[in-house]
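Please look at the sequence and structure below.

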Amino acid sequence: MPPTVEPSDNLTSLQSHILGEEARHPNATGEFSWIASAISLAGKAIGHKVRHARLQDVLGRAGASNVQGEEQQKLDVIANTILMRILGTRASIAVIASEEDEQPTILRRGSEGGKYCVLFDPLDGSSNLDVGVGVGTIFSILRNDPLIPDAEKTVCQRGLRQVAAGYILYGSSTIFVITTGNGVDMFVLDHSVGSFLLVDRGLKIPKSGKTYSVNEANSSTFPDGYRKYLEWAHASGYSTRYIGSMVADVHRTLLTGGVFMYPPTKKNPDGKLRLLYEANPMAMIVEQAGGLAYSGDHRTLDVEPAKLHQRVPVLLGSPDEVERVRSFL
Ligand code: P6P
């Protein structure tokens, strides 16, 4: 009896999915697919490092250096190096910008080509690594403008201009979520084949959800409207979930509904999260899934960036829940 392929067998990989999407765009050149595959490869490599961090650290401590003999480095730096090296080999990328680097890196100038800019937070929430909590890589892809000489100005584009955005969550499983502007697709890494396999296509955020996600320890310094909302939520049977790792908190909000927020605080009067490589990519994902995302009075994707590492307040999630918070602001 020949082996059967069960209907439940998921055989759509990220690569074949992206190529399929590309085939739907007649003028596609395949350059974007190369970037998506580079991010996928980096995600697998970073995920492996994340899962073995404590083991290597333990081994490293035992032998005064880790198994590769390399000096124990913070995983943020390791993740950043992996992304820079892999993305650096893709001819379609002109500029790379990372949370870890003060300035963007120019890979190709002017006539040397490079249609795209890639911005990322290589390992968001890395302080949670030591306690086994989900952390993630967040990425945003913009078109390059070779006429702009200043790399920082090139990447300081409004979130509406993103070509694609997504994240990789290194949690109980390694999850790749991406949008290219036609809805949100979710993949899970199948270690047995080493591929991200499609598990949800056209993912939609629940319209509402009685869960809010915020660090309430800061609530005494939130603007009044947020405090009024929290009083209302406490009296309305809402539950709170806060992991302190943006990728994990946003992923839960995307799948189960509710609202995630990082309001202005005394310590971070503009909010803590970065516009270009945290708020914007997450806002594109949430809006493409039918949700809303605001930074202060503005739709996050409309905020005009001034600096690469600019911070903004973040309020995103189910449309009903975001509008409810906004009604108090
Ligand atoms: P707080 C992690 O350090 C991070 O950048 C985000 O992943 C997370 O949402 C936020 O900071 C948590 O900040 O102030 O609540 O610890």
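A polar contact is a pair of N or O atoms within 3.5 Å; within protein, one must be able to donate a hydrogen and the other to accept it, and residues adjacent in sequence count only if both atoms are side-chain atoms. This is a predicted model, in which local features need pLDDT of at least 70 and side-chain atom pairs count only at pLDDT 80 or more, while totals for chains, interfaces and linings use all residues. Residues are numbered from 1 along each chain as its sequence is written, and side-chain values use heavy atoms, with hydrogens and water left out.

**Ligand**

- An N or O atom in the side chain of Asn-215 is 2.9 Å from an oxygen atom of the ligand.
- For the side chain of Asp-124, the distance from an N or O atom to a ligand oxygen atom is 2.5 Å.
- Lys-272 has a polar side-chain atom 3.0 Å from an oxygen atom of the ligand.
- The protein covers 79% of the 390 Å² of accessible area that the ligand has on its own (Shrake-Rupley method with a 1.4 Å probe; for residues, only the protein chains shown count as cover).
- Residues around the ligand include Gly-125, Tyr-242, Ser-245 and Met-246 (a residue is near a molecule if one of its heavy atoms lies within 4 Å of it).

**Largest pocket**

- A pocket is an open set of points on a 1 Å grid over the protein atoms alone, where a 1.4 Å probe fits, with protein on both sides within 12 Å along at least five of seven lines; lining residues have an atom within 4 Å of a point.
- The largest pocket has a volume of about 540 Å³ (the space filled by probe spheres set on the points, which are joined across faces, edges and corners).
- It is lined by 29 residues, and those closest to its centre are Asp-124, Gly-244, Tyr-262, Lys-272 and Leu-273.
- Strand E3 (116-124) is one of the elements that each supply at least two lining residues (strands, E, at least two residues, and helices, H or I, at least four, are DSSP runs numbered from the N terminus).
- E3 gives the most to this lining, with three residues.

**Second largest pocket**

- About 430 Å³ of space lies in the second largest pocket.
- Among its 23 lining residues, His-25, Phe-32, Tyr-116, Val-163 and Thr-180 are the closest to its centre.
- Helix H1 (14-23) is one of the elements that each supply at least two residues of this lining, and H1 gives the most, with four.
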